[in-house]
Amino acid sequence: MSEEDAEGDEPDDRDGDRDLERVVAEVRAQVTPDADERARLREVADRLMERAEQAATERCDGADVLQVGSTARDTWISGDRDIDIFVRFPPEIDRETLEKYGLEVGHATLPEGHEEYAEHPYVKGEVEGFDIDVVPCFRLESATEIRSAVDRTPFHTRYLQRRLDDELADDVRVTKQFLKGIGVYGSDLRTRGFSGYLTELLVCEYGGFRQLLEAAADWHPQVEIDPEGHGRARETENAAAGDAASQFDDPLVVIDPTDPERNVAAVCSRENVARFQHYAREILETPRSDYFEPDEHEPLTESELRAHLERRGTTPVAVRFDAPDLVEDQLYPQLQKSLDGITRGLDDRGFDVFRATTIADESAVVVAELAVSERPAVERHDGPPIHVRDHAEGFYEAYADDAEAYGPFIEGDRYVTEREREFTSAREFLESDRLFDVGLGAHVETALEDGYDVLIDDEITSLLAEFGTELTAYFDPRP
C-alpha cells in the first residue's frame, strides 16, 4: 500500500473543523445585527443619552453620561433590545443625593418609565421597542474604590472596548448564543450562569469561540484565569508568608481585571460550569446548529406524570405556598435555602431524599422525591462505646428508666436504644410545626406561616397546570 493510500485511510480531523466552521458561520450570520438594526439602536441611544446628559448636568456640576453593556461594546445579539445608560455623579456627593438625582434624571429621560431597585433605585422604561435602564453611579478613578456594585460597570466597558476587535466581538456573539442554547447564559440567581461580561472576558482570554471550547473541554476545576496577573502579583507578595492559595473557592475563577478582589465567575454554579464543559466537548465532536437553540420543553401531561411515578417507584412530596413578592434575585436564594433545609429535615428523619427541586411562579413549590416515605414506629439510637465511661454512663442513665424505649442494650462495644419515632410519615413531618425548624428563607417562612399545602404521591398532578413545563424538565433531565 502506498504512503498516500495509507494516509487516506486515517480519519481526517479537517472534516470536523470544516463542519464547525460552517455551523459557526451560520450562527454568526443570524446573531450579528445588520446595518439597519444598528442604525435604529444608535439613533434611540443617542437621543436618550442627550436627554439624560442635559438633565444630569442641570442638577449637578461634573455629572456625565455614558452607554455601557453589550450595545456599547458591540457584542449584542441581533434582536436584543437593551440600552443601558449610566449617569455618573462626582464622588463628593452622598449616596442619598445620588439616588435623588439619579431618579430625577431617569424620569426626565424616560417620562413613562417606572422605578426599580437593585442596590439602589433606578428608572426603567421602553422606547420604540427598546428596554432602557437609566442607572446612577459614582464617577471614580478606580474600580477598587467602588461604593456600590454598579460603579464597576463603566470600568468593565472601558476595559473591553480596548481589547475587543470586530472578529472577537463576532465570536462573543456566537459564544453568547451557544450559552443561551445550552441554558447557562445569565448571572441572575435563578440561572447562576455566565454573565455577558464573563463571556467577553473568556473569549478575549482564549482568543475566540473555538479556542474557548477547546480549553473548556479540558478544564479541571478549580480553573483560575487572571487576565491582568493580579493573583500572581498577590502570590508573590504572600510567598514569604507561605500563603499563595487562591482566595476563592469557586469552580471557575476569573479575576476581574478592573478589581483584583472580585471573581467575575463567582455566581456560576458547579452544574453550569460542568454543563458548559459537556456541551463544549459535544459540539467539538459533532458540530450541530441546534446546540445554539434553547431546548423548549412541552408541558408534562397527567398521564405522562403518572407513568413516570409508576416507573420510578419513588414517592414525590411537595410543599406548595404563595410565592413571596420578591424579585427573582431575592426569591431564588431563599427558595434554595428552604429547599436545602426541607430536604435535610426529611433526610434526618429517615425519609431518604432521592432528588429535589424548587420552582416558582404565582405560587412556589419545593418538590422532593423520596426513596422512603414511611418509617417504623421506633428508631435506633446508638450510644457511645462502653469504654468511654463518662459518656457511656450518661447515655445509659438517660434511657435506663424510659419505659417507652427498648433497652439500653449492648451491641458490639456500645449501648443502643430503640425509641419512639417522632414522625412515621413524611406527610406528618411536613404538616407539623417542626418544618419551621429546618432553616427556611425568611420570606418563605412567612409565606408558609400564612398557609401551605402538602402534596403526596399522585396529588402532585395538581401542579401540572402551573408547572407542567418545569416538571417535564425535572422528569426528563438532560445535561
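## Close-up views of a predicted model

**View 1. The boundary between domain 1 and domain 2.** Eleven residues of domain 1 are in contact (heavy atoms within 4.5 Å) with twelve residues of domain 2. In domain 1, Arg73, Thr75 and Ile77 lose the most area to domain 2, and together they account for 56% of what that side buries. Between them, the two domains bury about 890 Å², of which 50% is on carbon and sulfur atoms. Buried area here is the accessible area (1.4 Å probe) that two parts lose on being put together, summed over both. The C-alpha centres of domain 1 and domain 2 lie 27 Å apart.

The model is predicted: local features need pLDDT of at least 70, side-chain atom pairs count only at pLDDT 80 or more, and totals for chains, interfaces and linings use all residues. Residues are numbered from 1 along each chain as its sequence is written, and side-chain values use heavy atoms, with hydrogens and water left out.

**View 2. The domains of the chain.** The assignment gives domain 1 (33–144), domain 2 (163–232 + 249–295), domain 3 (302–374 + 423–475) and domain 4 (378–420). These bounds come from an automatic or database domain assignment.

**View 3. Three annotated aspartates.** An unreviewed UniProt entry carries the annotation "binding site" for Asp82, Asp84 and Asp133. These residues are spread over 52 residues of sequence but cluster in space, with a largest C-alpha distance of 7.9 Å. UniProt positions are given in the numbering used here, feature names are shortened, and annotations may be inferred rather than shown by experiment. Asp82 is found in strand E2 (residues 82–89), and Asp84 lies in strand E2 as well. Helices (H or I, at least four residues) and strands (E, at least two) are DSSP runs, numbered from the N terminus. Asp82 has 42% relative accessibility and so counts as partly exposed; Asp84, at 22%, also counts as partly exposed. By relative accessible area, buried means under 20%, exposed over 50%, and partly exposed in between (1.4 Å probe, protein chains only). Leaving aside neighbours within four places in sequence, Asp82 is in contact with Thr71 and Asp131. Not counting residues up to four places away in sequence, Asp84 touches Leu66, Gln67, Val68, Gly69 and Asp133.

**View 4. The surroundings of Arg173.** Arg173 is found in helix H7 (residues 166–181). Its relative accessibility is 1%, so Arg173 counts as buried. The side chain of Arg173 reaches the backbone oxygen of Asp74 at 2.8 Å. Leaving aside neighbours within four places in sequence, the contacts of Arg173 include Val31, Thr32, Pro33 and Arg38. Asp74, Thr75, Trp76 and Ile77 are also among them.

**View 5. Helix H16 and the span annotated around it.** UniProt (unreviewed entry) lists residues 312–456 for "domain: CCA-adding enzyme C-terminal". The span is 32% helix and 34% strand, and its end C-alpha atoms lie 15 Å apart. In helix H16 (residues 442–449), Val444, Ala447 and Leu448 are buried. They are on the same side of H16 because they cover an arc of only 100 degrees around the axis, taken from the directions from the helix axis to the C-beta atoms. Ala442 and Glu449, on the other side of H16, are exposed. What covers the buried residues of H16 includes strand E9 (315–322) and helix H13 (328–348). Just after H16, Gly451 takes a positive phi of about 130 degrees.

Terms used
A polar contact is a pair of N or O atoms within 3.5 Å; within protein, one must be able to donate a hydrogen and the other to accept it, and residues adjacent in sequence count only if both atoms are side-chain atoms.
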